[in-house]
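Student: Could you take a close look at one residue for me, together with the strands around it? I would like one connected picture.

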Amino acid sequence: MSWDPYCYNKLHKERLEPFEDLLKLVKKREGLKVIDLGCGTGETTSMLADKLPGSRIVGIDSSPDMLKKATEWVRPGLTFEMRSIENLSGKWDLIFSNAAIHWLDKHDELVPKFFSHINPGGQLVIQIPSNQNHPSQTLLSKVAQEDPFRDALDGWVRVSPVLQIHEYADLLYLNNGTNIIVFEKVYPHVLKDVDAVVNWMRGSALIPYLERLPNKFHDSFLESYKEKIIQTWPTAPIFFPFRRTLFSASVP
Ligand SMILES: C[S@@+](CC[C@H](N)C(=O)[O-])C[C@H]1O[C@@H](n2cnc3c(N)ncnc32)[C@H](O)[C@@H]1O
């Protein structure tokens, strides 16, 4: 997918808040071998590395544009690689991922796969947006199902692979996870106006739609989406509660 680091960083403070909560779940130990799945621009990977001095951390991502930004954070013990999460290999003391695995399907297979790549005594620490039922998301699918976009997209709409929160707890337990922590948190963002909502979505959920739509439909798709957002939130600023699932477990 075509990730745009500039667009992604526009709501920098809001995007960092869940990461900071996630970082608190990481058990601080010396000399770990760590992988950050979907590291994006590398800023949060660098903050993870700051918390784990003496560890070797690699951030992986499939977007060349995001990784280009990541190079500025490279230092001894912190590297980045262009690699997809699906191709995860090797054994790690910490598998970490902030706001990335909702782009991959079949979480009931993914979580056990992650466990199989963690060394004894290691840890899995993940954050996933779970706001798929928020109007900003449902309105997007609604626009995609209207003509002319439905035809242009061949009927495609994005179906969220994110499971219910208790299902992540089950998966951690079934994979012999210990010290299981699973919680959902609503981040109470207040966005300036409708354009800020559309910009937020351009840095995430809109990407696969714009990627599939021919260029000639981009402006009208964004306009139709914006109209629906205005109807839903006619006054500014816009309260934008953002639900996320955070979980961690250790491997015995
Ligand atoms: C919302 S950004 C999060 C970036 C970073 N973790 C952070 O906290 O700022 C999601 C990232 O996941 C990456 N991504 C999505 N699907 C991926 C996949 N299958 N393999 C590798 N990276 C992926 C995207 O390229 C993007 O950089």
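Tutor: Happy to! Two strands pair if DSSP finds at least two bridges between them. Helices (H or I, at least four residues) and strands (E, at least two) are DSSP runs, numbered from the N terminus. This is a predicted model, where local features need pLDDT of at least 70, side-chain atom pairs count only at pLDDT 80 or more, and totals for chains, interfaces and linings use all residues. Residues are numbered from 1 along each chain as its sequence is written.

Let's start with β4 and its partners. Strand β1 (residues 33-37) pairs with β4 in the parallel sense over 3 bridges, and D36 stands opposite F96 of β4. β4 also pairs with β5 (residues 118-129), again in the parallel sense, over 6 bridges; here N98 has Q127 of β5 as its bridge partner. Together, β4, α5 and β5 form a right-handed β-α-β unit (right-handed: with the strands pointing away from the viewer, the path from the first strand over the helix to the second runs clockwise).

Now to A99, which sits in the loop between β4 (92-98) and α5 (107-116). A99 counts as buried because 20 other C-beta atoms lie within 10 Å; the cut-off for buried is 20 or more, with exposed at 12 or fewer, partly exposed in between, and C-beta atoms placed from the backbone. In β4, 7 of its 7 residues are buried. Beyond its neighbours within four places in sequence, A99 is in contact with P18, Q127 and P129 (contact: C-beta atoms, placed from the backbone, within 7 Å). As for H218, A99 is 119 residues from it in sequence and 25 Å in space, C-alpha to C-alpha.

Technical notes: Contact = placed C-beta atoms within 7 Å.
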